[in-house]
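Dear colleague,

I am handing over the structure below for your attention. After it you will find a short account of what was found.

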Amino acid sequence: MKIQKILNILTPLTGAIAVTITSLWIGKQAYFWLPPQAAAESQLIDDLISFLVTLGAFIFLGVTSTLMYSVIFHRAVKDDFTDGPPIHGNVTLEVVWTAIPILLVFWIAGYSYQVYEQMGIQGPAELVHLHNPLAMESVPANALAEPVEKIDVLAKQWAWVFHYPERDVTSTELHLPSDRRIRLALKSQDVLHGFYIPAFRLKQDIIPNQSIDFEFTPIRPGQYRLTDSQYSGTYFATMQANVVVESPQDYQQWLAQAATQKPSPAKNQAASEYAQTSNQSIKTGWVTVPPAAPTLVNSPG
């Protein structure tokens, strides 16, 4: 009898330990499901995603393993069609299974807000009030000693245009110095757009008639992709741009070289496709917004 009681305690305890270890392992695998961490802020987001995956795996495995244990070890004997014991309720159990989800939701909400605050993404002062992003622990120490690199970003149907006030350079490719704090002034020429770089784990809606300051620190040299996360019209899928993260020396060299180039019309896939469809003899009758004219840039990319 004592052995049975010990087994009744050890079985769920062993199962709980196994579920916990497996959930932690699955949560660690979540880091490999994401693009490389190209910005200092990406570590915060990846940690949050790993936490959510771990928690979700623990709940899923805990529920399924409990069901399997009940089916295997507590099934009715063969040919037993009698009713089970009448259970009229258990107040303690009901309080526990109500309190646990509530506490989990508060835990997730608190952790998520903490990450959002630490990222230090600034919006219009009248809309967003966060701490000074330069105090972020996620920013490399050498980035704090350097001045903030300011770049103007214009989103329009359907192109990204980047202006570098330091050298009065305009391009369709976003060049960024690594390990430097970047401040983008995001503006929309027409409709709602979404500034989204998956490798940076950063996304910011761009609202017409608003200038939104958006800050981050790229840390991994390479080429990444900027996309429009908001549906902005017919050719919104073509609204993409390369993001080039390079050393500060290479960045300054690119700026100096681009400043010597004479402005020329940028390549615009949406405008090219629109011109092809407008020349077709067959008309569909669908109203299409004409793309904005190609912008004059020093570096077409």
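**A buried glutamate**

In this predicted model, Glu149 is buried but forms no salt bridge. Arg180 is the nearest side chain of opposite charge, and it is 5.0 Å away; a salt bridge would have to fall within 4 Å. Glu149 belongs to strand 1, which covers residues 149–156. The side chain of Glu149 does make a polar contact of 2.8 Å with the side chain of Tyr251. Leaving aside residues up to four places away in sequence, Glu149 touches Glu166, Pro177, Arg181, Ile182, Arg183 and Tyr251.

**Aromatic rings**

The model holds eleven aromatic pairs. Trp160 and Phe195 are both buried. Ring pairs also join these two with Phe200, Phe214, Phe216 and Tyr224 in a cluster.

**Backbone features in the loops**

In the loop between strand 1 and strand 2 lies Trp158, and the peptide bond that joins Gln157 to Trp158 is cis, with omega about -5°.

Asp168 is not a glycine, yet its phi is positive, at about 55°. Asp168 is located in the loop between strand 2 and strand 3 (169–171). Arg201 likewise has a positive phi, of about 60°, without being a glycine; Arg201 sits in the loop between strand 6 and strand 7.

Which of these is buried and which exposed? Asp168 counts as exposed because its relative accessibility is 55%, where the cut-off is over 50%. Arg201 has a relative accessible area of 11% and is therefore buried.

**Helix 3**

Helix 3 consists of 29 residues (91–119) and reaches 42 Å from its first C-alpha to its last, close to the 42 Å expected at 1.5 Å a residue. At the start of helix 3, a side-chain oxygen of Asn90 comes to within 3.2 Å of the backbone nitrogen of Thr92. The buried residues of helix 3 are Leu104, Val115 and Met119. Helix 2 (42–73) and strand 7 (202–206) are among the elements that cover these buried residues.

With kind regards

Conventions:
Residues are numbered from 1 along each chain as its sequence is written. This is a predicted model: local features need pLDDT of at least 70, side-chain atom pairs count only at pLDDT 80 or more; totals for chains, interfaces and linings use all residues. Side-chain values use heavy atoms; hydrogens and water are left out. Helices (H or I, at least four residues) and strands (E, at least two) are DSSP runs, numbered from the N terminus. Buried means under 20% relative accessible area, exposed over 50%, partly exposed in between (1.4 Å probe, protein chains only). Lys and Arg count as positive and Asp and Glu as negative; His and the chain ends are not counted. A polar contact is a pair of N or O atoms within 3.5 Å; within protein, one must be able to donate a hydrogen and the other to accept it, and residues adjacent in sequence count only if both atoms are side-chain atoms. Contact means heavy atoms within 4.5 Å. The expected span of a helix is 1.5 Å times one less than its number of residues. Rings of Phe, Tyr and Trp (its six-membered ring) pair if their centres lie within 6.5 Å; planes under 30 degrees apart count as stacked, over 60 as edge-to-face and the rest as tilted.
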